[in-house]
Amino acid sequence: MQPLGKNINGYFGETIDIDAVLNDCTAAARSHGWIVEAISETPKLLAFLHPASRGIQERARIYISAGIHGDEPAGPLAVRQLLEEDQWPSDASLWVLPCLNPTGFAVNRRENANGIDLNRQYLEPKAQETVAHINWLKRQPAFDLCLCLHEDWEAHGFYVYELNPEGQPSLAEKIVARAAEVCPIDPSELIEGRPAQNGIIRPSVDPRSRPQWPESFFLLTHKTRLSYTLEAPSDFLLSVRVAALVAAVRGAFDREA
Ligand SMILES: [Zn+2]
């Protein structure tokens with residue numbers, strides 16, 4: 001499988017009708033008994049919640065978010081597919097945010113409609129989306145696992161960032177193995193300036209040392225001790241990137257494998 005070679009210095013691939021995708025997500029969530037919650041009205045941000053299956057003890061709380069960058073359509077599409085297929089670990093409770101930046105998708109741009117990169121807002125939030133998201137997060141319990149779905153137009157294949165400061169059993173290899181079934185893995189030894197191995201980046205970062213927090217730093221500091229940022233390569237077909245993210249999420253569920 002070869003890259004398309006058209007995403008040079010930016011994303012020039014397919015775009016999506018984010019409102020239609022979110023309507024599909026809501027319909028799928030409702031039809032499978034999820035709770036649908038509006039985190040914010042303008043812009044409209046949605047959260048879907050599902051408790052562990054009835055009669056089964058909750059063993060994990062899993063958080064999944066997508067669409068914080070408006071030129072990364074594979075994330076919301078992957079969430080739509082996951083909601084429509086409705087195959088989740090029965091002992092997990094789930095919190096799913098299908099799109100954190102709907103105004104960015106309307107203009108096919110990383111930032112929101114006001115030009116703010118929302119994934120740099122999480123230490124000193126000013127954007128309405130981030131303020132609403134953080135206020136909502138503060139009302140939720142801690143999560144055992146957080147997955148943030150992204151794309152990278154510079155990537156040569158799929159890769160993942162792991163934030164795992166306590167050295168819990170890593171899910172990174174399982175995530176990459178599943179993604180590799182449908183998408184090339186980025187073989188680079190340096191990705192985004194960080195050492196990488198087989199598509200896995202394990203940055204030793206202290207969030208307090210960084211002024212502009214991505215969502216994952218807020219999650220790591222306040223809500224979880226295990227976080228993965230999944231990066232699909234934008235220079236491949238959209239269907240491949242969606243399949244990679246869906247497979248990667250499923251790989252993270254392979255806890256017993
Ligand atoms: Zn991104």
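Predicted model: local features only at pLDDT ≥ 70, side-chain atom pairs only at ≥ 80, totals over all residues.
Student: How many residues does the largest nonpolar core have?

Tutor: Terms first: a nonpolar core is a set of buried Ala, Val, Leu, Ile, Met, Phe, Trp, Tyr and Cys residues joined through side-chain atoms within 4.5 Å. Buried means under 20% relative accessible area, exposed over 50%, and partly exposed in between, using a 1.4 Å probe and protein chains only. Here the largest core has 53 residues, and Leu149, Phe158, Tyr228 and Leu230 have the most contacts inside it. Its largest share, 9 residues, comes from helix H7 (residues 238–252). Another core, of 25 residues, lies apart from it and includes Trp136 and Cys146. As for the labels, helices (H or I, at least four residues) and strands (E, at least two) are DSSP runs, numbered from the N terminus.

Student: How do I read the packing of H2 and H7?

Tutor: Two packed helices are described by the angle between their axes and the distance between the axes. Axes are lines fitted to C-alpha atoms, for helices over the stretch in contact, and angles run from 0 to 180 degrees between N-to-C directions. The axes of H2 (residues 74–85) and H7 come within 9 Å and cross at roughly 55 degrees. That makes the H2 helix oblique to H7, since angles under 35 degrees count as roughly parallel, over 145 as roughly antiparallel, 65 to 115 as roughly perpendicular and the rest as oblique.

Student: Which residues of H2 and H7 make the contact?

Tutor: Contact means heavy atoms within 4.5 Å. Among those involved are Leu77, Ala78 and Leu82 of H2, and Leu238, Val242 and Leu245 of H7. The contact residues divide into 9 nonpolar, 2 polar and 3 charged; Ala, Val, Leu, Ile, Met, Phe, Trp, Tyr, Cys and Pro count as nonpolar, Asp, Glu, Lys and Arg as charged, and the others, Gly among them, as polar.

Student: And what about H5 and H7, at what angle do they pack?

Tutor: Helix H5 (residues 172–180) packs with H7 at about 145 degrees, the axes being 7 Å apart. On the H5 side, Lys174, Ile175, Arg178 and Ala179 meet H7 residues including Ala244, Ala248 and Gly251. That contact splits into 6 nonpolar, 1 polar and 3 charged residues.

Student: Is Pro233 buried or exposed?

Tutor: Pro233 sits in strand S10 (residues 227–233), and at 0% relative accessibility it counts as buried. Leaving aside neighbours within four places in sequence, Pro233 touches Asp152, Ala155, Gly157, Phe158, Cys183 and Arg241. Pro169, in the loop between strand S6 (159–163) and H5, is exposed at 70%.

Note on methods: Residues numbered from 1 in each chain as written. Heavy atoms only, no water.
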